[in-house]
Amino acid sequence: DAMFDPLLHHPVRTKIVSMLSVNETLSYKLLKEETGLTDGNLAGYLKSLEGAGYIEFEKSFEGRKPKTSYSLSQKGRAAFVAYLDELKAFIKEQE
(Lines give C-alpha, C1' and ligand atoms only; values in the text may rest on other atoms or scores of the structure.)
Protein backbone atom coordinates (compact mmCIF):
# COMPACT_ATOMS: atom_id res chain seq x y z
CA ASP A 1 0.00 0.00 0.00
CA ALA A 2 1.34 3.39 -0.97
CA MET A 3 1.96 5.76 1.91
CA PHE A 4 1.88 9.17 0.31
CA ASP A 5 3.21 12.19 2.20
CA PRO A 6 -0.09 13.64 3.49
CA LEU A 7 1.26 17.17 3.23
CA LEU A 8 2.10 16.78 -0.44
CA HIS A 9 -0.86 14.54 -1.30
CA HIS A 10 -3.19 17.51 -1.65
CA PRO A 11 -3.92 19.26 -4.97
CA VAL A 12 -3.08 22.80 -3.87
CA ARG A 13 0.11 21.93 -1.95
CA THR A 14 1.18 19.64 -4.82
CA LYS A 15 0.70 22.56 -7.23
CA ILE A 16 2.66 24.99 -5.04
CA VAL A 17 5.57 22.56 -4.57
CA SER A 18 5.51 21.61 -8.28
CA MET A 19 5.76 25.28 -9.26
CA LEU A 20 8.60 25.85 -6.80
CA SER A 21 10.42 22.73 -8.01
CA VAL A 22 10.93 24.29 -11.46
CA ASN A 23 11.48 27.90 -10.34
CA GLU A 24 14.25 29.05 -8.01
CA THR A 25 11.86 31.46 -6.29
CA LEU A 26 8.30 32.64 -6.79
CA SER A 27 6.62 35.69 -5.34
CA TYR A 28 3.56 35.45 -3.12
CA LYS A 29 1.71 37.49 -5.74
CA LEU A 30 2.50 35.00 -8.52
CA LEU A 31 1.58 32.01 -6.32
CA LYS A 32 -1.73 33.71 -5.53
CA GLU A 33 -2.41 34.39 -9.23
CA GLU A 34 -1.52 30.84 -10.29
CA THR A 35 -3.50 29.07 -7.56
CA GLY A 36 -6.49 31.42 -7.58
CA LEU A 37 -6.64 31.25 -3.78
CA THR A 38 -7.64 33.94 -1.32
CA ASP A 39 -4.90 35.44 0.85
CA GLY A 40 -6.14 33.48 3.86
CA ASN A 41 -6.20 30.12 2.10
CA LEU A 42 -2.83 30.60 0.39
CA ALA A 43 -1.25 31.75 3.65
CA GLY A 44 -2.52 28.60 5.36
CA TYR A 45 -1.10 26.28 2.71
CA LEU A 46 2.24 28.10 2.69
CA LYS A 47 2.38 28.03 6.50
CA SER A 48 1.87 24.25 6.59
CA LEU A 49 4.60 23.70 3.97
CA GLU A 50 6.89 26.09 5.81
CA GLY A 51 6.16 24.38 9.15
CA ALA A 52 7.29 21.06 7.65
CA GLY A 53 10.49 22.72 6.42
CA TYR A 54 9.54 22.13 2.78
CA ILE A 55 9.63 25.77 1.73
CA GLU A 56 11.51 28.88 2.78
CA PHE A 57 10.58 32.52 2.34
CA GLU A 58 12.41 35.79 2.07
CA LYS A 59 10.94 39.25 2.63
CA SER A 60 12.33 42.21 0.74
CA PHE A 61 11.22 45.49 -0.76
CA GLU A 62 10.73 46.51 -4.37
CA GLY A 63 10.82 50.25 -4.09
CA ARG A 64 8.48 50.89 -1.18
CA LYS A 65 6.42 47.72 -1.70
CA PRO A 66 7.08 44.68 0.50
CA LYS A 67 7.68 41.50 -1.45
CA THR A 68 7.70 37.93 -0.15
CA SER A 69 9.38 35.25 -2.24
CA TYR A 70 9.20 31.51 -1.66
CA SER A 71 11.60 28.73 -2.57
CA LEU A 72 11.73 24.98 -2.13
CA SER A 73 14.14 23.85 0.60
CA GLN A 74 16.43 20.85 0.18
CA LYS A 75 14.13 18.92 2.50
CA GLY A 76 11.13 19.96 0.41
CA ARG A 77 12.81 18.95 -2.85
CA ALA A 78 13.74 15.54 -1.39
CA ALA A 79 10.20 15.03 -0.08
CA PHE A 80 8.71 16.00 -3.46
CA VAL A 81 11.00 13.61 -5.36
CA ALA A 82 10.07 10.82 -2.92
CA TYR A 83 6.38 11.67 -3.36
CA LEU A 84 6.67 11.51 -7.15
CA ASP A 85 8.50 8.18 -6.90
CA GLU A 86 5.72 6.79 -4.68
CA LEU A 87 3.12 8.05 -7.13
CA LYS A 88 4.92 6.44 -10.10
CA ALA A 89 5.22 3.14 -8.20
CA PHE A 90 1.53 3.27 -7.26
CA ILE A 91 0.51 3.90 -10.89
CA LYS A 92 2.73 1.05 -12.05
CA GLU A 93 1.07 -1.32 -9.52
CA GLN A 94 -2.32 -0.45 -11.04
CA GLU A 95 -1.32 -1.46 -14.58
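**View 1. Helix α1 crosses helix α3.** The axes of helix α1 (residues 11–21) and helix α3 (residues 39–51) come within 10 Å of each other and cross at roughly 70°. Axes are lines fitted to C-alpha atoms, for helices over the stretch in contact, with angles running from 0 to 180 degrees between N-to-C directions. Helix α1 is therefore roughly perpendicular to α3 (angles of 65 to 115 degrees; under 35 is roughly parallel, over 145 roughly antiparallel and the rest oblique). The model is predicted: local features need pLDDT of at least 70, side-chain atom pairs count only at pLDDT 80 or more, and totals for chains, interfaces and linings use all residues. Residues are numbered from 1 along each chain as its sequence is written, and side-chain values use heavy atoms, with hydrogens and water left out. Helices (H or I, at least four residues) and strands (E, at least two) are DSSP runs, numbered from the N terminus.

**View 2. Residues at the contact of α1 with α3.** From α1, V12, R13, I16 and V17 meet L42, Y45, L46, S48 and L49 of α3 (contact means heavy atoms within 4.5 Å). By class, this contact of α1 with α3 has seven nonpolar, one polar and one charged residues (Ala, Val, Leu, Ile, Met, Phe, Trp, Tyr, Cys and Pro count as nonpolar, Asp, Glu, Lys and Arg as charged, and the others, Gly among them, as polar).

**View 3. Helix α1 against helix α4.** Helix α1 packs with helix α4 (residues 74–94) at an angle of about 115°, their axes lying 11 Å apart. The two helices, α1 and α4, are therefore roughly perpendicular to each other. On the α1 side, T14, V17, S18, L20 and S21 meet R77, F80 and Y83 of α4. The contact of α1 with α4 comprises, by class, four nonpolar, three polar and one charged residues.

**View 4. The open sheet.** Three strands form an open sheet in the order β1-β3-β2, with antiparallel pairing (two strands pair if DSSP finds at least two bridges between them). Strands β1 (26–27) and β2 (55–62) stand at the edges, each with a single partner strand, so one side of each has no neighbour in the sheet. Strand β1 pairs with β3 (residues 65–72) in the antiparallel sense over two bridges, and L26 stands opposite Y70 in β3.

**View 5. An aromatic pair, F4 and Y83.** The structure holds three aromatic pairs. In the pair of F4 and Y83, the ring centres are 5.8 Å apart and the planes stand at 65°, so the pair is edge-to-face (rings of Phe, Tyr and Trp, its six-membered ring, pair if their centres lie within 6.5 Å; planes under 30 degrees apart count as stacked, over 60 as edge-to-face and the rest as tilted). F4 lies in the segment before α1 and Y83 in helix α4, so the pair ties together parts that are 79 residues apart in sequence.
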